[in-house]
Amino acid sequence: MATLLGAIDQGTSSTRFIVFDESTRIVAESQLEHEQIYPEPGWVEHDPIQIWRNTQTVIASALRSARLAPGDLAAIGITNQRETTVVWNRRTGEPLCNALVWQDTRVSELVPHYTASPGLEFFRRRTGLPLSSYFSSLKIRWILDHVAGARELARRGDALFGTIDTFLVWQLTGGASGGIHVTDVTNASRTQLMNLDTLEWDDDLLTAFDIPRAMLPSIRSSSEHYGTARVEPLDGVSIAGILGDQQAALVGQTCFRAGEAKNTYGTGCFLLLNTGSTAVRSNSGLLTTVAYRMGQEPAHYALEGSVAVTGALVQWVRDNLGLIQHSAEIEALARTVADNGGVYFVPALSGLYAPHWNDGARGLLIGLTRFANRGHIARAVLEATAFQTWEVLQAMERDSGVSLESLRVDGGMTDDELLMQFQADIVSRPVVRPRIKETTALGAAFAAGLATGVFRDQDDLRSRWSESHRWQPDMSSAVREQLLARWQKAVTRSLDWL
């Protein structure tokens, strides 16, 4: 029996394919970045066909590097950037327009309309989500209203909607020649169209957004056999796991017990707390979302704090300001100074997400004096990630009544020792990084392995998690409180700029 598991990790900036063995060792991987398209201020797009081609390329490259054939894989799982919205023609496979990325704010002007009627509570009660440009619902509505012919195709059932997982499964299983149109409960819970209690598409929500049901994929669990790939380079391989990227990281960190949490540091920053089989509605600006559903077991839910810009701020400083040539250089530059010199950077480049949910906020660099230099700005960039995580953690503990003993972390920014130590200092508790940092891909592989018998159960998965590094807090309470007070003052200045 084949025991290798593949994971397609389709993220905001790149697509990767990783092959794990049953001991979770990486035996092959490949990665390609894709273009970030900014047609207008606040608009963020991806080319779905480029993502599909890159997916095929990285799969072929990874398999070739380890001299593997499709038959060597027991199954693959897929994890993906969530909320990013693709609408394509069922008959041709061609997207009706570029994908609208989760960061895209073009639909912000629609939020006041829905806030007035049917009102915020109408949506929050059904979906656990606030009204925001973040989610797929308003993005679909925008495409139907602004792309010529889209609404008519949708009414005929010839326009299909999906988050990126859905688009990739459809392509892998045949595309226009019989591709399977599915998503899992975690991705469906981010569309603002699924009822959080029934785990089904909600007719009242579809009516409110004027979205035809025929566009929508069927909702499945996060771990089951969805179909078999019918195209190279995975022809004949079972597709058996789908998880939105942050839920996949929760699974990859084996946070299966209520009260366990992880924080992923990527383009944005996403802290998820497992709340078990209870969907806890937030009073503190957090999202209630599906954490995972394994096979026919009951769904588990999570509270989530979503921060839009963390690693993306490092990229912005690299690309737009030219302070560094490579993202990894930010730590060395920040270490040229002893502290932030009174400089704070609020990265509201596309508004602020949790816990503020303020689409009108804009980025702010404050506290500059003649003393400030490039190093202070670099330090402020890194510290912004830790400050935003602190805000989310405070809200999460208020909502859940749980005080976290430690914070499990993953993602590319956890390589930054300066940031991780500052994170431990600011949240005043240990920060723990696992041995395998690729927890998002690992979570997708875990889901596929559970569905195909490579892994027995969640205890089997938990036994495969181990710690690689732990940062202990080492900052006085007086310094911490002063830093946090100035951060909160800076955030207040950034709100409602528009």
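A cavity here is a set of grid points where a 1.4 Å probe fits but cannot get out, and its lining residues have an atom within 4 Å of a point. With that in hand, here are the close-ups, all taken from a predicted model.

**View 1. The largest cavity and the residues around it.** Searching the whole structure turns up four cavities of 30 Å³ or more, and the largest holds about 60 Å³ of space. Its lining is made up of Thr-24, Gly-252, Pro-434, Arg-435, Ile-436, Thr-439, Leu-442, Phe-446, Arg-464, Trp-465 and Ser-466. Sorted by class, that's five nonpolar, four polar and two charged residues.

**View 2. Helix H8 crossing helix H13.** Here we look at H13 (residues 439-452) again, this time with H8 (residues 245-252): their axes come within 7 Å and cross at roughly 80 degrees. The two helices are therefore roughly perpendicular to each other. On the H8 side, the contact uses Asp-245, Ala-248, Ala-249, Val-251 and Gly-252, and these meet Thr-439, Thr-440, Leu-442, Gly-443, Ala-444 and Phe-446 of H13. Count up the classes in this contact and you get six nonpolar, four polar and one charged.

**View 3. An open sheet of seven strands.** Read across the sheet and the order goes E17-E18-E16-E15-E21-E22-E23, with mixed pairing. Strands E17 (287-292) and E23 (467-471) sit at the edges with a single partner strand each, so one side of each has no neighbour in the sheet. On average, neighbouring strands are turned by 30 degrees against each other, direction ignored.

**View 4. Zooming in on E22 and E23.** Strand E22 (residues 431-434) runs antiparallel to E23, and four bridges join the pair. Look for Val-431, which stands opposite Trp-471 in E23.

**View 5. Helix H11 lying across the sheet strands.** H11 (residues 374-400) lies across E15 (261-265), E16 (269-276), E18 (300-307) and E21 (407-410). Relative to E16, H11 runs at about 15 degrees.

**View 6. The second largest cavity.** This one has about 50 Å³ of space. Around it you'll find Val-346, Leu-352, Tyr-353, Ala-354, His-356, Gln-388, Glu-391, Trp-487 and Val-491. H11 and helix H15 (477-494) are the elements that give two or more residues to this lining. As for residue classes, the lining has six nonpolar, two polar and one charged.

How values were computed. Residues are numbered from 1 along each chain as its sequence is written. This is a predicted model: local features need pLDDT of at least 70, side-chain atom pairs count only at pLDDT 80 or more; totals for chains, interfaces and linings use all residues. Side-chain values use heavy atoms; hydrogens and water are left out. Axes are lines fitted to C-alpha atoms, for helices over the stretch in contact, and angles run from 0 to 180 degrees between N-to-C directions. Angles under 35 degrees count as roughly parallel, over 145 as roughly antiparallel, 65 to 115 as roughly perpendicular and the rest as oblique. Contact means heavy atoms within 4.5 Å. Ala, Val, Leu, Ile, Met, Phe, Trp, Tyr, Cys and Pro count as nonpolar, Asp, Glu, Lys and Arg as charged, and the others, Gly among them, as polar. Two strands pair if DSSP finds at least two bridges between them. On a 1 Å grid over the protein atoms alone, a cavity is a set of points where a 1.4 Å probe fits but cannot get out, and a pocket is an open set with protein on both sides within 12 Å along at least five of seven lines; lining residues have an atom within 4 Å of a point. Grid points are joined across faces, edges and corners, and a volume is the space filled by probe spheres set on the points.
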